[in-house]
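This briefing concerns a single predicted protein model. The sequence and structure are shown first, and the notes on them come after.

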Amino acid sequence: MPREKGEKVIATNRRARHDYAIEKTYEAGLVLTGTEVKSLRQGRANLTDGYAYIDGGQAFLDAVHIPEYSQGHWTNHATKRTRKLLLHKDEIIKISHAVSAGGYTLVPLRLYFSDGRAKVEIAVAKGKREFEKRQTIREREDKREAERAMRSRNRLGD
């Protein structure tokens with residue numbers, strides 16, 4: 001029985017949703033050392049530079065910054081080391097086929113605890129070009145503006 005219930009988000013990669021078009025997401029476990037888990041429990045991590053890759057039938061997460069545990073000593077971990085991801089074999093095969101097809105990459109979206117276990121949500125994503133980013137922002141602003149107009153129209157009608 002887990003100590004904790006539910007989900008506690010530690011870090012999100014908001015930049016990834018801006019830079020990439022998300023195709024499919026996967027939940028993966030992480031192989032961590034003790035001081036990494038303690039540092040994550042303090043709510044400290046940075047996903048912005050991180051990426052994932054498949055190598056030799058295994059998935060890895062690289063360049064994710066988990067700072068050293070403040071009360072650790074010589075047993076502290078390296079802050080940006082490569083960490084193994086725990087996925088089912090069929091998921092790894094699907095991901096590797098998508099990435100090898102070209103134009104797709106694996107990006108971490110969020111790092112969280114689910115029932116006391118550290119998890120990372122990774123996504124198979126396609127990079128957006130500059131005009132696509134501007135178009136996404138424009139669509140979001142147009143949607144907000146339309147909602148505002150509808151709200152003000154509904155208030156006047158009452």
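The points below cover domains, salt bridges, surface patches, backbone features and selected distances.

The structure is a predicted model, in which local features need pLDDT of at least 70 and side-chain atom pairs count only at pLDDT 80 or more, while totals for chains, interfaces and linings use all residues. Residues are numbered from 1 along each chain as its sequence is written, and side-chain values use heavy atoms, with hydrogens and water left out. The domain assignment divides the protein into domain 1 (6–126) and domain 2 (128–157), and a search of the whole structure finds eight salt bridges.

- Taken over C-alpha atoms, the centres of domain 1 and domain 2 are separated by 32 Å.
- Helix α4 comprises residues 130–157 and contains R151; D142 and A146 are also found in helix α4.
- Helices (H or I, at least four residues) and strands (E, at least two) are DSSP runs, numbered from the N terminus.

**Salt bridges**

- A salt bridge is defined here as a side-chain nitrogen of Lys or Arg within 4 Å of a carboxyl oxygen of Asp or Glu.
- In general, side chains of opposite charge can pair when their charged atoms come close.
- K133 and D19 meet through their side chains in a salt bridge, with an N to O distance of 3.3 Å.
- This pair links distant parts of the chain, K133 lying in helix α4 and D19 in helix α1 (residues 14–19), 114 residues apart.
- Both K133 and D19 are buried, where buried means under 20% relative accessible area, exposed over 50%, and partly exposed in between (1.4 Å probe, protein chains only).
- A salt bridge also joins the side chains of R81 and E36, at 2.8 Å from N to O.
- Because R81 lies in the loop between β4 (58–62) and β5 (83–86) and E36 in helix α2 (residues 34–41), the pair ties together parts that are 45 residues apart in sequence.
- R81 is partly exposed, with a relative accessible area of 24%, whereas E36 is buried at 0%.
- E132 forms a salt bridge with R129, and the closest N and O atoms are 4.0 Å apart.
- In that pair, E132 is partly exposed at 25% relative accessible area, and R129 counts as exposed at 52%.
- E7, R110 and E121 are linked in a network of salt bridges.

**Charged surface patches**

- Patches are made of residues with over 30% relative accessible area and no salt bridge; like charges are joined within 9 Å, and nonpolar side chains (Val, Leu, Ile, Met, Phe, Trp, Tyr) within 5 Å.
- Lys and Arg count as positive and Asp and Glu as negative, while His and the chain ends are not counted; the place of a charge is taken as NZ of Lys, CZ of Arg, CG of Asp or CD of Glu.
- Accessible areas come from the Shrake-Rupley method with a 1.4 Å probe, and for residues only the protein chains shown count as cover.
- R140, R144, R148, R151 and R155 form a positive surface patch.
- E139, E141, D142 and E145 form a negative surface patch.
- D142 is partly exposed, its relative accessible area being 47%.

- A63 is not a glycine, although its phi is positive at about 65°.
- A63 is found in the loop between β4 and β5, and its relative accessibility of 15% makes A63 buried.
- D115, likewise not a glycine, has a positive phi of about 50°.
- D115 is found in the loop between β6 (104–114) and β7 (117–127), and is partly exposed at 37% relative accessible area.

**Distances between C-alpha atoms**

- The C-alpha atoms of A146 and D115 are separated by 40 Å, the two residues being 31 apart along the chain.
- A146 is partly exposed, with a relative accessible area of 41%.
- V107 and I122 are 15 residues apart along the chain, and their C-alpha atoms are separated by 5.5 Å.
- V107 lies in strand β6 and is buried, with a relative accessible area of 4%.

Notes
Domains from an automatic or database assignment.
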